[in-house]
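User: Please walk me through some features of this model. I want the criteria as well as the cases.

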Amino acid sequence: MGMTGKPNIVLILNDDMGFSDIGCYGGEVETPNLDRLAAGGLRFSQFYNTARCSPSRASLLTGLHPHQTSVGVLTYDMGPEGYAGNLNHRCVTIAEALKPAGYRSYLSGKWHVSSNLREPTDSWPMQRGFDRFYGTIIGAGSFYDPNTLTRGNENIEHEAREPGFFYTDAISDNAVEFIRSHAKEHPEKPFFEYVAYTAPHWPLHAHDEDIAKYKGRFDKGWDRLREERLERLVASGLVKDSWPLSERDPTQPPWTQAENKAWLLRCMEVYAAQIDRMDQGIGRILRALEETGRLDDTLVIFMADNGACAEDIPEGVSVDELVNRLMLARSHTRSGEPVHFGNNPERMPGPEDTYQSYGQAWANLSNAPFRFYKHWIHEGGIATPLIFHWPAGIAARNEVRHSPGYLPDIMATVLDLTGTPYPKEFPGRDVAPLEGHSLKSAFAAEQPSRPPMFWEHEGNAAVRMGQWKLVRDYPKPWELYDMEADRTELHDLAAGHPDRVRDMAAQYEAWARRCGVIPREKVLKLMKDLKAPPAFWEKDGS
């Protein structure tokens with residue numbers, strides 16, 4: 001804490017990770033530092049993101065719904081206000097809101113809420129309240145040689161060519177440096193630090209020594225491992241034993257019939273190694289907090305931006321698309337060797353000259369016990385771990401909270417804990433009212449109730465009111481689930497509750513109109529009018 005008595009905030013977000021991957025949420029990945037945070041604080045079992053990278057970051061940073069910030073899909077300009085692909089001026093970031101309260105703000109890692117990747121604009125971090133920034137403007141890319149690497153407003157991609165560079169480590173090391181320099185230069189002030197990892201988003205890049213730790217760890221295959229994860233989740237109190245495991249994705253074979261097992265296992269081993277490396281860096285961040293005397297007075301928050309990713313990188317994917325149009329890759333390694341794109345079982349992932357993803361069946365494991373993936377609003381797409389650790393402010397240790405919440409609540413909680421008002425205008429511009437609700441009361445006990453929660457992404461949508469969740473896999477009809485009896489969403493009750501479906505759908509439509517959601521058919525037409533081709537992972541131009 002600074003002399004103001006306000007807590008420091010370290011907000012850690014990772015990328016494309018499932019609900020049950022890390023150790024303290026039932027997974028096989030060794031995450032001793034995240035496990036330590038969970039053991040010394042709280043885990044939430046029903047916290048939600050928005051199912052996709054950019055919208056989640058926009059919502060997390062602003063306390064609004066993504067469409068209200070103009071990041072309705074991704075950072076591509078789709079024309080209308082809610083889909084322009086840049087943080088607009090009707091929102092304020094946590095960093096902007098905390099500045100009048102005396103906070104200094106730092107960001108290390110992925111930004112991904114600006115469509116301009118090369119020239120600083122008013123939607124870049126330094127222009128949205130951050131005092132220091134190190135990271136990437138783009139959403140993904142090589143861990144060895146990332147595009148758009150930036151310090152402040154200056155492109156520093158040349159620094160990735162230095163020996164030993166690895167982006168996950170660089171994110172951690174810069175986060176540590178920000179903490180240490182703040183303690184020396186601004187000891188009287190509290191700080192907000194946003195640490196935004198790209199791990200474990202594809203491509204599958206990891207160090208050999210980290211990959212080796214997981215040799216044999218996944219040999220039982222996805223079917224048995226999904227069962228074991230559920231058993232551990234039940235034992236830890238995170239899920240009910242009355243919720244059956246969802247079926248394996250019907251498009252995927254049973255493990256006993258899977259082909260190319262050596263390659264499949266290597267994919268999951270590299271994915272685990274990516275998370276492991278992130279956790280090692282989180283350990284260094286925690287040590288920096290300890291050594292600067294800030295750990296007890298710092299609220300550390302950890303979560304993921306969406307569910308695990310089932311996107312396949314097909315062999316022969318257009319290099320021009322990845323390298324030139326999307327800027328998500330390099331065509332050659334730093335030493336000049338060609339990068340081999342696509343999920344080719346003849347080439348093992350991990351090194352710099354590969355560009356692969358771990359596929360649908362492993363993503364199904366990562367999201368266990370739930371159905372679906374990133375992009376969808378079913379539980380597998382939006383359920384995230386959420387850890388709160390704050391020794392001076394949270395008395396509970398190693399407890400679970402089942403109170404539901406979602407991304408807009410994070411800003412509301414931060415402002416509540418720091419005694420900071422949400423601005424009605426900033427500076428001189430009107431901003432949309434805060435959509436989130438503080439989770440502070442859940443630190444001591446379960447919250448008895450909360451207002452409805454709403455989601456929409458590319459036509460997939462949901463509204464949750466109490467125990468009821470109305471959800472849509474676009475363009476299919478609405479489904480209705482009782483989250484107390486059936487959180488794995490196996491028994492659609494819509495046919496038996498037509499009045500409830502009608503009422504919840506009407507509330508969803510009212511929310512969608514208020515927040516600027518455009519029906520997916522119109523979004524697709526806009527993309528065609530703009531001649532925006534779908535990326536390799538997108539279907540039907542979504």
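Analyst: We take the salt bridges, then a sheet, then a cavity. This is a predicted model, where local features need pLDDT of at least 70, side-chain atom pairs count only at pLDDT 80 or more, and totals for chains, interfaces and linings use all residues. Residues are numbered from 1 along each chain as its sequence is written, and side-chain values use heavy atoms, with hydrogens and water left out.

User: How many salt bridges are there, and by what rule?

Analyst: A salt bridge is a side-chain nitrogen of Lys or Arg within 4 Å of a carboxyl oxygen of Asp or Glu. The count here is 45. Take Arg 232 with Glu 28: their closest N and O atoms are 3.3 Å apart. This pair links distant parts of the chain, 204 residues apart. Arg 232 sits in helix α6 (residues 221-235), Glu 28 in the loop between β1 (8-14) and α1 (32-39). Helices (H or I, at least four residues) and strands (E, at least two) are DSSP runs, numbered from the N terminus.

User: Is Glu 28 buried or exposed?

Analyst: Buried means under 20% relative accessible area, exposed over 50%, partly exposed in between (1.4 Å probe, protein chains only). Glu 28 is at 10%, so it is buried. Arg 232, at 32%, is partly exposed.

User: Which residues does the network with Arg 232 join?

Analyst: Salt bridges that share partners join Asp 21, Glu 28, Lys 220, Arg 224, Glu 227, Glu 228, Arg 229, Glu 231 and Arg 232.

User: How do I read the sheet with β14 in it?

Analyst: Strands of a sheet pair through backbone hydrogen bonds, either parallel or antiparallel. Two strands count as paired if DSSP finds at least two bridges between them. Here 4 strands form an open sheet, ordered β14-β15-β16-β17, with antiparallel pairing. β14 (453-457) and β17 (478-482) are the edges; each has a single partner strand, so one side of each lacks a neighbour in the sheet. Between β16 (residues 468-472) and β17 there are 5 bridges. In one of them, Trp 468 partners Asp 482 of β17.

User: What lines the second largest cavity?

Analyst: On a 1 Å grid over the protein atoms alone, a cavity is a set of points where a 1.4 Å probe fits but cannot get out; lining residues have an atom within 4 Å of a point. The lining includes Asp 16, His 201, Trp 202, Glu 311 and Tyr 358.

Terms used
On a 1 Å grid over the protein atoms alone, a cavity is a set of points where a 1.4 Å probe fits but cannot get out, and a pocket is an open set with protein on both sides within 12 Å along at least five of seven lines; lining residues have an atom within 4 Å of a point.
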